[in-house]
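Reader: I would like to learn how to read a two-chain model step by step, moving from overall dimensions to single residues. Could you take me through it?

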Amino acid sequence: MNIALVEYGAGNLPSVERALSRLGVESRRASTPEALAGCDALILPGVGHFGALMRSLGERSLVKPLREAVSRGTPLLGICLGLQAMFATSDEAPGDAGLALFPQKVSALPPTDRLPHMGWNQLRRTRPSKLLEGVPQDAYFYFAHSYAALDAGEAGVAFCDHCASFVAVLEQGNIFATQFHPEKSGPVGAQILSNFVRQADGKG
Amino acid sequence: MSLAHRIIPCLDTDGERVVKGVNFVNLRDAGDPAALAARYNIEGADELVVLDIAASRDHRPTFLETIRRVAAELAIPLTAGGGVANVDEGRAILRAGADKLTVNTAAIRNPPLLSALAAEFGSQAVVLAIDAKRAGDRWEAFVRGGSVPTGIDAVAWARQGVDCGAGEILITSMDKDGTRSGFDCPLTAAISRAVSVPVIASGGADTPETFLEVFREGRADAALAASIFHDSIQGLGALKRYLGENGISVRQTG
């Protein structure tokens, strides 16, 4: 199977590559529209700033090819900022448009507790989830963020509570995303990546 | 459901090997960083910190290679630092495989460095490390591995550092470091009350009770320790079980 990590100059590619490699899954990096077009599944990793991510994707002419790949049914996994990029806009960069796979927006978490939301937290599951198959209910995942999508309509399948209730896992058709970092979340994170690969491989 | 308190083993290195000392002096060899990292990754560490305490320019390529070797062993977050003085050095550390970087001396001398790092990598990647020593009824920040006093109040500096963009504070008590006499709870609590970002307590770790104290009285979000883990005086699993039994939210593993 041909899994591509979207490379846009920032992000956290090596740790995702290593996590996949531990599962016996080889991946490659895609930084051009052509490279995006010829793959079976895509992963959009992300750390940093919403505006910087969208501008980097724009400079590499990757916004439209990403949206087209999703329309064609190519499985896409967004991680952390990669989840946030799937929304229409973000409080972090009000002038920059997101990929708009979902019409809602990304909000700054209200400062009712310590921010950034940094460390290991648990999930509250609200709908059946393919990514969470085989993952214990009380499992902890590693988060590091100050912005989050509070609502993703039917696509929100698991939530986390810190400062507000926000989307921790979203799934809709061939679109998957986690606000936490599966590649940094030990064995349960590996299970999430393995579940995505299985979906992408058509064995889900 | 709540955010777990983190237990963070720390690898102080000379760039290449893990070293340890008491009160920042009398360093001796304590092993291979990648081997220790692999062990802590399995045993349930919530995060790992690797520091270059020599932080000499000559050794920087060696330290970057150490970060790469350590990161290759981990499925948990990695924080690295030591002598980071500008955005390019920070980028090199993150590119080598760290998720967050620590800054200390250069940030005190040039606080806008924190804003520059946060703008480039996001606040979640910028950890302000402060080495503090009691001075009367307050704490003074020291730089250059604890060797140079600054006259700056550690609590005020933590607050300013967060205003500049630091996303986390790593507070090390120089009075407690290496003594195994418990964390400095008053210092940690003073920092914790002063800032809105997570606080990692460091220096003085010993028994599970000392961790319980720093989470309760010190209001720490995370606790860091080195030699008690390197020397297997304290196991991570047993420590977390003890904390869980005493009502502290922790991520139980294995």
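Predicted model: local features only at pLDDT ≥ 70, side-chain atom pairs only at ≥ 80, totals over all residues.

Reader: How many helices and strands does chain B have, and how does its radius of gyration stand beside the globule rule?

Author: Chain B has 10 helices and 12 strands. Its radius of gyration is 16 Å, close to the 18 Å that the globule rule gives for 254 residues, so chain B is as compact as a globular protein of that length. Along the principal axes, the C-alpha atoms of chain B fill a box of roughly 45 × 40 × 40 Å, and buried residues make up 53% of the 254 residues. Of the contacts in chain B with a separation of 6 or more, 65% are between residues 24 or more positions apart.

Reader: And what are the corresponding values for chain A?

Author: Chain A comes to 6 helices and 13 strands. A compact globule with 204 residues would have a radius of gyration near 17 Å, and the 15 Å of chain A agrees with that. The box filled by its C-alpha atoms is roughly 45 × 40 × 30 Å along the principal axes, and 54% of the 204 residues of chain A are buried. Among the contacts in chain A between residues at least 6 apart in sequence, 70% join residues at least 24 apart.

Reader: Let us turn to strands. Which residues lie on each of the two faces of strand E10 of chain B?

Author: In a regular strand the side chains alternate between the two faces of the sheet. In strand E10 (residues 168-173) of chain B, 6 of the 6 residues are buried, with Glu168(B), Leu170(B) and Thr172(B) on one side and Ile169(B), Ile171(B) and Ser173(B) on the other, so that both faces are covered. Strand E7 (residues 126-135) of chain B runs parallel to E10(B) and is joined to it by 6 bridges, while strand E11 (residues 199-202) of chain B pairs with E10(B) in the parallel sense over 4 bridges. Ile171(B) takes part in both pairings, as the bridge partner of Ile130(B) and as the residue opposite Ala201(B) in E11(B).

Reader: Does strand E9 of chain B lie largely in the open or mostly covered, and how many of its residues are buried?

Author: Of the 6 residues of strand E9 (residues 148-153) of chain B, the number buried is 0, so the strand lies largely in the open. Strand E8 (residues 138-143) of chain B runs antiparallel to E9(B), with 3 bridges between them, and Phe142(B) has Pro149(B) as its bridge partner in E9(B). The hairpin of these strands has 4 residues between them, and there Arg144(B) takes a positive phi near 55 degrees.

Reader: For a helix, which residues of H10 of chain B are buried, and where do they lie around the axis?

Author: An α-helix has 3.6 residues a turn, so residues three or four places apart point the same way. In helix H10 (residues 236-245) of chain B, the buried residues are Leu236(B), Leu239(B), Lys240(B) and Leu243(B). They cover an arc of only 95 degrees around the axis, which puts them on the same side of H10(B). The face turned away from that buried side carries the exposed residues Gly237(B), Ala238(B) and Glu245(B). Among the elements covering the buried residues of H10(B) are strand E1 (6-13) and helix H8 (208-216) of chain B. Just after H10(B), Gly247(B) takes a positive phi of about 85 degrees.

Reader: Which residues have the most contacts inside the largest nonpolar core?

Author: In soluble globular proteins, nonpolar side chains tend to be buried together. The largest nonpolar core here has 156 residues, and those with the most contacts inside it are Leu48(B), Ile169(B) and Ala223(B). Not counting residues up to four places away in sequence, Leu48(B) touches several residues, including Ile8(B), Tyr40(B), Val70(B) and Leu78(B).

Reader: Finally, how many residues of each chain are in contact with the other chain?

Author: 28 residues of chain A are in contact with 24 residues of chain B. The side of chain A that touches chain B has 12 nonpolar, 11 polar and 5 charged residues.

Notes
Residues numbered from 1 in each chain as written. Chains lettered and ligands numbered in written order. Buried ≥ 20, exposed ≤ 12 C-beta atoms within 10 Å, placed from the backbone. Pairing = 2+ DSSP bridges. Contact = placed C-beta atoms within 7 Å. Nonpolar A, V, L, I, M, F, W, Y, C, P; charged D, E, K, R; others polar. Arc of directions from axis to C-beta. Core = buried A, V, L, I, M, F, W, Y, C linked by C-beta atoms within 7 Å. Rg over C-alpha atoms; globule rule 2.2 N^0.38 Å.
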